[in-house]
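Hi,

Here is the structure we talked about. Please have a look, then read my notes below.

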Amino acid sequence: MECEIKLALDTASVNQIRKLPLLRPQGSPRPVEREHVDRYFDTADFTLWQHGFALRVRSEGTRHVQTLKGGGTVVAGLHRRVELEAEVSSEDPDRELFARQLKEALPALAKKFNAHDAALEPVFANKVKRAAWLLDLADGVQVECALDTGELQRGDRAVPVRELELELKQGDPARLYDLARQVHEAVPVRIENVSKAERGYALAGSVAPRAVKATAVALKRKASMGEALAGILRNCLEQMQANEQGVLAGEVESLHQMRVGLRRLRAAMAMVKDMVQLPEALAADVEWLAGELGDARNWDVFIESLLPGLPVPDEHKPALARVEVAAREQAERHRACVRAAVGSPRYTGLMLGLGAWIAGEGWRAEGPPASALERKVGKTAPVLVRHAAARVRKRARGVDLQHPETLHRVRIAAKKERYAREFFEALSHGKKELRRHAMLTGMQDELGLLNDGVVARELVGQLRERVPQELALLCFIEGVLAARALAALPRAGKQVRRKLRARAPF
């Protein structure tokens, strides 16, 4: 299983990395420099890639190595993938070897895919110069550093390659994060969550950024709560980073899903706050990113959900169009802020910091409270879920419709309980628990509409400064929002009292 962190560089960073004492200690051997060409092959409809794998033949002089790689995970830049390789006689794939590799890596596909006779075609080529060297760290940790410069080519199209790969050959993966963080502090870099294969397939037109929703958390009942927490947090980071490319491409739904991933991570840490807390610097950066994503998402909801449903008379439609233009300008300004944030050194530092804290089980340094994380998750999870449900019940009993913010607090508590149930879903499959989850989801949606209305009124206030000439229409919108809230409050209060005041099952 390959274990590496990829760091993307700009032109100036390449030269700085070459001379960085951190990676080139005094007396260390000179890097071995080679040129190689990686040719990637697949069927015409990209069958292998659709199953998450890539077939590559690397040619270096007269030596050729065939590799089938894929699967695994990417968390905070740390790639763990299946990698099967062997030498072959030419730059074309060896069909017999491919059949054996496919059977080992993807047995289900191998059964229905004739690897011997498959019509494999070249997809793209990766032509790079690689400088590689071994770095020996303390405690027997050994890392292979590889600096790649070149380009990916398909026909007459090409994209540059400038990457530093840090591959763990021996030792603790947490040390790999520590090394990457030190590199980032010395030379600002960017985590490269996208493999060269994915970039090449994108060049071939088979990959486009898409929104990625949360996946189920895989847990074992006999695992410790610490191991379970690490799995939960890795799952949250996976969702966030799977949406990076979509966010950078301006995809609205990708931004929403990245925000959901971060919200889940914050909920997980809130769930265990009595046991462990994030280091202060990481917690501050998490809140910074949450603010950037939240501001952008609020404007997207305003444009997509609120404006289209307004009962505006025909004679005011031109004014509404001008308000929408101003709102879209605000939305794009905030999306640009998110893109800048995700591309910033601060974001890279946050992802590497979280990855290092999770991989190194940073909670072990927290002292006695963190010892609760040594208990079995099968015993701890029900307690955490019951605590989350108790908070919902307490806030539901304190609802006062004269103070709508009390409903918002119920909504936040209900969302945290729902996330807690999802985190531990692998440990509980009872019908009562499923009904509770469904009810929480429905309540969150209903109370969310009320909250969207509150946020929308704040955004309308901002639009007064952008389009003061449309004051009459903006006042009308505020009136509609106020009337909707007034009509929705009694039902929401009744639903909260009826559904959320009772004790809940795990």
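**What I found**

R335 sits in helix α11 (residues 317-342). Helices (H or I, at least four residues) and strands (E, at least two) are DSSP runs, numbered from the N terminus. This is a predicted model: local features need pLDDT of at least 70, side-chain atom pairs count only at pLDDT 80 or more, and totals for chains, interfaces and linings use all residues. Residues are numbered from 1 along each chain as its sequence is written, and side-chain values use heavy atoms, with hydrogens and water left out.

R335 is buried, at 14% relative accessible area. (Buried means under 20%, exposed over 50%, partly exposed in between; 1.4 Å probe, protein chains only.) Leaving aside neighbours within four places in sequence, R335 contacts V252, L255, A296 and D300. Contact means heavy atoms within 4.5 Å.

Now the aromatics. Rings of Phe, Tyr and Trp (its six-membered ring) pair if their centres lie within 6.5 Å; planes under 30 degrees apart count as stacked, over 60 as edge-to-face and the rest as tilted. The count is 7 aromatic pairs. One of them is F46 with Y201, edge-to-face, at 5.4 Å centre to centre and 85° between the planes. F46 lies in the loop between β2 (32-42) and α2 (47-50) and Y201 in helix α6 (residues 196-203), so the pair ties together parts 155 residues apart in sequence. Y201 is buried, with a relative accessible area of 0%. W49 and Y201 are stacked: 4.4 Å centre to centre, 10° between the planes. W49 is also buried, at 19%. Y40, F46, W49, F124 and Y201 form one aromatic cluster.

Best wishes
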